[in-house]
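The sequence and structure are shown first.

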Amino acid sequence: MTDDNQINGDRLWQSLMEMARIGALPGGGCGRLALTDDDQIARDLFARWCEEAGCTVTFDRLGNMFARREGRNPDLPPIAIGSHLDTQPHGGRFDGVYGVMAGLEIVRSLNDLGIDTDAPIEIVNWTNEEGARFAPAMLCSGVYAGLFDLEFALSRTDADGTRLEDELTRIGYVGTNPCGAHEMGAFLEAHIEQGPVLERNDEIIGVVTGGQGQRWYDVTVTGRDAHSGSTPMQGRSDALIAAARMITAVQEIALAHGPDGVGTVGELHVSPNSRNTIPGDVRFTIDFRHPDDAVLSVMDTAITETAKAEADARVDLEMIWHNPPVRFDRRCVDAIETATKGLDYPFRRMVSGAGHDACLVARKVPTAMVFVPCRDGLSHNEAEWAEPAHLAAGCNVLFRAALALSQYSTFAPGPDAEDGNNKKKIQPTVQEIQQ
Ligand code: HGY
Ligand code: MN
Ligand code: MN
């Protein structure tokens, strides 16, 4: 691919900013939780844009969306490019949506450049990646990859007890295709790094070789509601104090397995949540992560022992998700690196700290990711920011890698065609691109 055949960075930025208006928050970020009205609006807009770009849009039983641009050989499995449109409650404008818009920009650029790929190209929007409303995260790409079963996903409920299945029906995104049947030849995902490494090292591209492991827990602490004024301190069964000891232990266990180990308590619910009643029921979540699964097991044992040792209240620890570390497909990772070198962007190979749909899809389909920096490494925060030039760079890398993997042949109509059928070859062969 010659350098003047690049994606249109301004158009990519405009698409991102238009998507950011859906679920826009006063602080400049996005709150577009999975399967809410805003998610439906974003899905409908995405589908319209894909159809305007000549794609056929389908979605499976869990609303995972696939927008297909036909290739010269319909028998070849598509090269898929995508991520997720749902956000955290106080999310940013780039997490997930960048990977979906990068796929759309690549299709739009293929159209502009008159490039016919051999394999079809597909843009993917995975349902409920964040896991903020319906836990766990990457739920529907996980069903696609065979890691969760369909009923488990459909039955998940949000904090109000609303079922995922009912919300999917309500917004009209229950497809007839079974989840997991959709064939893909490879899956590529562009994402902001959501950490500080690239920015700190003045690099533009992360060639992502895999994702770290994670374990998610739901914790219920059961004490006894009692009067805050007349109940002596001795003999209380204060569920919040017991929870506080557990929460401190999460921090200590993560630090003890640093620098890679991380532990977070993101949700905390206190009942009856009254200032003059000793709390008898406290529920919270634990998110442990580490690149080494054996260390994750050690962290699991440590928090389990802490729960057992708690004497003032009963602590029930339920591990709802164990996602071991994953390595991406070497061929796909090499295609990303070759494309990056071809465009002469400063880069590093790295493992992802955050989870992504690619980390689950990789268990079924050859997969890789490309990262671009985000300011201060900040994400899951309304102040999330990425430079337009970096977003365009990551999309160009994806463009080249997708072409290389799609074994493309390309022609552009033009009056000075070299041969009789009014087409001229404007692109090197795949082998040339991979040199
Ligand atoms: O949890 C994660 O790492 C992702 O942002 N859902
Ligand atoms: Mn994401
Ligand atoms: Mn996220």
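## The two manganese ions

The manganese ion (ligand 3) lies 3.5 Å from the manganese ion (ligand 2), and Asp95 coordinates both. The model is predicted: local features need pLDDT of at least 70, side-chain atom pairs count only at pLDDT 80 or more, and totals for chains, interfaces and linings use all residues. Residues are numbered from 1 along each chain as its sequence is written, chains are lettered from A and ligands numbered from 1 in the order in which they are written, and side-chain values use heavy atoms, with hydrogens and water left out.

Donors here are N, O and S atoms within 2.8 Å of the metal (3.2 Å for Na, K and Ca); water is not among the atoms, so sites may look incomplete.

## Site of ligand 3

Asp95 belongs to the loop between β3 (79-83) and α3 (97-113), and Glu130 to the loop between β4 (121-125) and α4 (139-144), so the pair ties together parts that are 35 residues apart in sequence. Helices (H or I, at least four residues) and strands (E, at least two) are DSSP runs, numbered from the N terminus.

Asp95 and Glu130 are both buried. Buried means under 20% relative accessible area, exposed over 50%, and partly exposed in between (1.4 Å probe, protein chains only).

## Site of ligand 2

His84 and Asp95 are 11 residues apart, and each is in the loop between β3 and α3. Both of these residues are buried.

Strand β4 contains Asn125, a buried residue with a relative accessible area of 1%. The side chain of Asn125 reaches the backbone nitrogen of Leu85 at 3.0 Å.

## Surroundings of ligand 1

Ligand 1 is surrounded by Glu129, Glu130, Ala137, Met138, Arg289, Ala354, Gly355 and His380, where a residue counts if one of its heavy atoms lies within 4 Å. This shell divides into 3 nonpolar, 2 polar and 3 charged residues. In this grouping, Ala, Val, Leu, Ile, Met, Phe, Trp, Tyr, Cys and Pro count as nonpolar, Asp, Glu, Lys and Arg as charged, and the others, Gly among them, as polar.

A polar side-chain atom of Arg289 is 2.7 Å from an oxygen atom of ligand 1. A polar side-chain atom of Glu129 lies 3.1 Å from a nitrogen atom of the ligand, and an N or O atom in the side chain of Glu130 is 3.3 Å from an oxygen atom of ligand 1. Taken alone, ligand 1 exposes 220 Å², of which the protein buries 94%; accessible areas come from the Shrake-Rupley method with a 1.4 Å probe, and for residues only the protein chains shown count as cover.

## Cysteines

How many disulfides does a search of the whole structure find? The search finds 0 disulfides, a disulfide being a pair of cysteine sulfur atoms within 2.5 Å. The closest cysteine sulfur to that of Cys55 is in Cys50, 5.2 Å away, which is too far for a bond. Cys55 counts as buried, at 6% relative accessibility.

Cys395 is likewise in no disulfide, and the nearest cysteine sulfur, that of Cys50, is 13 Å away. Cys395 is buried, with a relative accessible area of 0%.

Methods. Polar contact = N/O pair within 3.5 Å; in protein donor to acceptor, adjacent residues only side chain to side chain.
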